[in-house]
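Let's read a structure together, one feature at a time. Take a moment to look it over, and then we can start with what lies inside.

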Amino acid sequence: QVQLVESGGGLVQPGGSLRLSCAASGSIFSINAMGWYRQAPGKQRELVAAITSGGSTNYADSMKGRFTISRDNAKNTVYLQMNSLKPEDTAVYYCNALIRYGDYGSRYGNYWGQGTQVTVSS
């Protein structure tokens, strides 16, 4: 049983910053990758950023230079530092993790957090 717990969402003014956190817990053998997705009203869910266990990162073009993803492997936690926020960044942000579990890590699962609202407005 694996659970992802998110925190850090809220209301922020344009140009401001937020830091999202997501901690994975449960019967985890290893975490291959963690990332963030977002979904705005009336739009499809899209990738924001992802990071592998080895530290390789991937960003959507609109987030490059403004957002930074990082992880603390000892805490099974991923972070998203969001700077220079714009109204168009308003969305529900979801944490995602690719996790191996079971005997010798023989099973592989894709888990999602509950989502946290980020609203950028004056």
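Q: Which residues of the largest nonpolar core touch the most other members?
A: A nonpolar core is a set of buried Ala, Val, Leu, Ile, Met, Phe, Trp, Tyr and Cys residues joined through side-chain atoms within 4.5 Å. Buried means under 20% relative accessible area, exposed over 50%, and partly exposed in between, with a 1.4 Å probe and protein chains only. In soluble globular proteins, nonpolar side chains tend to be buried together. Here the largest nonpolar core holds 30 residues, and Trp36, Leu80 and Tyr93 touch the most other members. Elements that give two or more residues to this core include β1 (2-7), β4 (30-39) and β8 (77-82). The element that gives the most is β9, with five residues.

Q: Before we go on, what kind of model is this?
A: This is a predicted model: local features need pLDDT of at least 70, side-chain atom pairs count only at pLDDT 80 or more, and totals for chains, interfaces and linings use all residues. Residues are numbered from 1 along each chain as its sequence is written, and side-chain values use heavy atoms, with hydrogens and water left out.

Q: What is Leu80 in contact with, beyond its neighbours within four places in sequence?
A: Contact means heavy atoms within 4.5 Å. With those neighbours set aside, the partners of Leu80 include Trp36, Val48, Phe67, Ile69 and Tyr93.

Q: How many helices and strands does the protein chain have?
A: Helices (H or I, at least four residues) and strands (E, at least two) are DSSP runs, numbered from the N terminus. The protein chain has eleven strands and zero helices. Its radius of gyration is 14 Å, close to the 14 Å that the globule rule gives for 122 residues, so the chain is as compact as a globular protein of that length. That radius is taken over C-alpha atoms, and the globule rule is 2.2 Å times the number of residues to the power 0.38.

Q: How much of the chain counts as buried?
A: Of the 122 residues, 39% count as buried.

Q: Is Ser21 buried or exposed?
A: Ser21 is buried, with a relative accessible area of 17%. You will find Ser21 in strand β3 (residues 18-26). Leaving aside neighbours within four places in sequence, Ser21 is in contact with Val5, Glu6, Ser7, Trp36, Val78 and Tyr79.

Q: Where does Met34 lie relative to Ser21?
A: The two are 13 residues apart in sequence and 11 Å apart in space, C-alpha to C-alpha.
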